[in-house]
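Reader: I have a structure open and would like to learn how to read it. Could you walk me through some of its features?

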Protein chains: 2
Amino acid sequence: MREVAVIGAGMVRFGKYLDKGMKVLARDAVSGALASAGVGQERIQAAVVGNAMAGLITGQECVRGQVVLREMGISGIPVVNCENACASAATAFHLAWLYVASGMYDVVLALGMEKLYHSDKKRSFAAIASAVDVEAMQALKAQLQSRPHEGAGEQSGGGSSHSMFMDFYASFARKHMKTYGTTKEQFARVAVKNHRNGSLNPYAQYREVYTLEDILNSPLIAEPLTRLMCSPIGDGAAAVLLCPQSMAGRYTAKPVRVLASVLASGSEEGASVERAAHQAYETAGLGPHDCSVIELHDASSPAELVLYEELGLCRPGEGGKLVDDGTTELTGRIPVNPSGGLIARGHPVGATGVAQICEIFWQLRGEAGERQVANPKVGLTENAGGMIRNEPAAVSVHILGI
Amino acid sequence: MREVAVIGAGMVRFGKYLDKGMKVLARDAVSGALASAGVGQERIQAAVVGNAMAGLITGQECVRGQVVLREMGISGIPVVNCENACASAATAFHLAWLYVASGMYDVVLALGMEKLYHSDKKRSFAAIASAVDVEAMQALKAQLQSRPHEGAGEQSGGGSSHSMFMDFYASFARKHMKTYGTTKEQFARVAVKNHRNGSLNPYAQYREVYTLEDILNSPLIAEPLTRLMCSPIGDGAAAVLLCPQSMAGRYTAKPVRVLASVLASGSEEGASVERAAHQAYETAGLGPHDCSVIELHDASSPAELVLYEELGLCRPGEGGKLVDDGTTELTGRIPVNPSGGLIARGHPVGATGVAQICEIFWQLRGEAGERQVANPKVGLTENAGGMIRNEPAAVSVHILGI
């Protein structure tokens, strides 16, 4: 297989765009990627478009990619629409990588996009609720109704569906606390870090800086999760351009190499992140301690702490220690979520995976502005989506290098 | 890129399964493919799942593939959910092919599935209506409301949305009649052929034989289209297994080689089928007259006649002649839609493309029973999906050989 490089990246600031449709968001992200690569759109030979929920939000159930690409004058080429819930965009990137790695196409676009806000909030929540086995969820809902659980505001999702995910994260967090002595303050510190990073990122949905007390005192979603520890609902789009590493020099002096592209799904055995990460490290010939910068799927701040362990940044149970010693701070040994992560940069579901790639692209090229990590050489992204039987339905890990 | 072979195929009879969900349909198709290849499901290394409309029909907007695969005990592996409207399954096959051709995985499952019937028919029609630019369609609908147009029964779609597609096919058919002198009887003869072929196919949704008069006298949808010239709504699933040609001998003495796998989208220039077919012929090093058997996207019978021309089986305007001289009959020089095509085998949107591959697989192996074509060596499939600005949003052409 050919070695593949990312040669351009673009995204819109994640946020609430009641006045902008997906066509506009996607166009701005793609324009940014093309400009960044110095490539005209007529050079794009194939496009893979990730989106999770437009069918339920806008009714555009089919051919979402063609609809937005045609609008910006991109047509004729193969367009693949792919979906893997919150990992839809990482899946799009994986397939775009596959097109190039296989030798089939030379210049391929990966686009992730989501318009999650709707004037009728129920639509947004119903869409998020579909990232599980819907039949099984209906059974679970009936079960949950037998015990009280917390409502949630806009930041946390607000509806029973999104908070169902947050219930899961909360119960996971409580288990970690009980098993390893991890504290609520440690989860809060992850959120402090990500909000601070987000405040430095012009693409971040939330740019406020919060103290530990702010985080702890924000409304409780489900013990120990507070609202500011949870990723918000949002709209957004992110795009990257890929080509063979051997041709990348035509477009840029600083191509970012794709060292591993892994997609996996949950199983009875669990540990799907560990499996995907292991495969990625093997493929790249690197280990977790070779990573200079990481973007991971902090749908809630406890998830980030646990992912430190699952990605092998520390041993099981030591995630809290990593928080305490500042290892994953912007100035630490392995900065995690310099973009602000899902918590602060935002999480427009089908855009997140490519936004993570954008961030690593900018970081490795030294173009990350105020949130720039010192001299990174290797970056990793982890994006997960959906949930079936308490395991992510999809997990994707990418390793990039410069 | 590696040469790829299809080693197993399975599908359920297409039809109306109000009592069966997608999990059951998919399981039966996958079991069939595994049994056909003599492969245990633990050998599957990756799966690509095509589905177009479950989000709007059942609410399962996300991770549809994982939901059905996990149910049958297939987990852990990469699962890509892809969508390209009526060409969703061909897209799934294309990506499965890409996984194998690239060298990334050796045994890959392509699954197409659709549960289109719903006790509330409006849901089915709303889902079909989403295979266009939904924003643009709303404008078109407003325009269409200013002139009367025909309703349609169950076979033809019945709602304003499906009949919007049929309106398009009808206007296309009228144009062909005017330009080339093609007759309504010729369109009807295509339907006679496909229904007759379907009557020989145990997987076909409709197995009735009709006379020319039956077809012409069935309810008018939009001149010249009658109900029996149109593909029905249906439920179904189809699956195939792919592996490298170099390994296929381990599994079967009769692997079916994939000679070309092409995906394209519509453009301002039109002729998207011609472009896709041309690319497929070039890749395979073959021409249209090398094809022994063809499965194509006869969403309506005029579409089949026009596709004869677009695929190069005859010159522009000569589709009617091909019908008259019986070239595309089961016993003709180039049998087309031996399965009964979309019109008779049925068209559960996201399953159709893989069902076409299944049919060619069986035909090339001499396993097509009563509808077996004499000694075919090369088969072609054409699957198209969605419509944007009067062009298919997605077109896929595959060439297979034995």
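**Reading the model, feature by feature**

Author: Let us begin with a helix: in α3(B), the buried residues are Arg64(B), Gly65(B), Gln66(B), Val67(B), Val68(B), Leu69(B) and Arg70(B). This is a predicted model, where local features need pLDDT of at least 70, side-chain atom pairs count only at pLDDT 80 or more, and totals for chains, interfaces and linings use all residues. Residues are numbered from 1 along each chain as its sequence is written, while chains are lettered from A and ligands numbered from 1 in the order in which they are written.

Reader: When is a residue called buried or exposed?

Author: Buried takes 20 or more other C-beta atoms within 10 Å of its own, exposed 12 or fewer, and partly exposed is in between, with C-beta atoms placed from the backbone. Helices (H or I, at least four residues) and strands (E, at least two) are DSSP runs, numbered from the N terminus. Helix α3 of chain B (residues 64-71) has seven of its eight residues buried, so it is largely enclosed by the rest of the structure. After α3(B) comes Gly73(B), with a positive phi near 85°.

Reader: Which residues cover the two faces of β2(B)?

Author: On one side are Ala46(B), Val48(B) and Gly50(B), on the other Ala47(B) and Val49(B), and all are buried. With five of five residues buried, strand β2 of chain B (residues 46-50) is largely enclosed by the rest of the structure.

Reader: Which strands pair with β2(B), and in which sense?

Author: Strands pair if DSSP finds at least two bridges between them. β2(B) runs parallel to strand β4 (residues 108-115) of chain B over five bridges, and parallel to strand β3 (residues 79-83) of chain B over four bridges. Val49(B) is a handy landmark: its bridge partner in β4(B) is Leu111(B), and in β3(B) it stands opposite Asn81(B).

Reader: What about β10(B): how many of its residues are buried?

Author: Strand β10 (residues 378-388) of chain B has 11 of its 11 residues buried. It pairs with strand β11 (residues 391-401) of chain B in the antiparallel sense over 10 bridges, with Glu382(B) opposite Val397(B). The two strands form a hairpin with two residues between them, and Arg389(B) in the turn has a positive phi of about 50°. β10(B) also pairs with strand β9 (residues 293-295) of chain B, here in the parallel sense over three bridges.

Reader: How is a pair of packed helices described?

Author: By the angle between their axes and the distance between the axes. Axes are lines fitted to C-alpha atoms, for helices over the stretch in contact, and angles run from 0 to 180 degrees between N-to-C directions. The axes of α8 (residues 184-199) and α12 (residues 301-310) of chain A come within 8 Å and cross at roughly 100°. These helices are therefore roughly perpendicular (65 to 115 degrees; under 35 is roughly parallel, over 145 roughly antiparallel and the rest oblique).

Reader: Finally, which strands bridge the two chains?

Author: β3(A) and β3(B) run antiparallel and are joined by three bridges, and Cys82(A) has Cys82(B) as its bridge partner. Counting contacts (C-beta atoms, placed from the backbone, within 7 Å), 50 residues of chain A touch 49 residues of chain B. Helix α4(A) gives the most to that side of chain A, with six residues.

Notes
Two residues are in contact if their C-beta atoms, placed from the backbone, lie within 7 Å.
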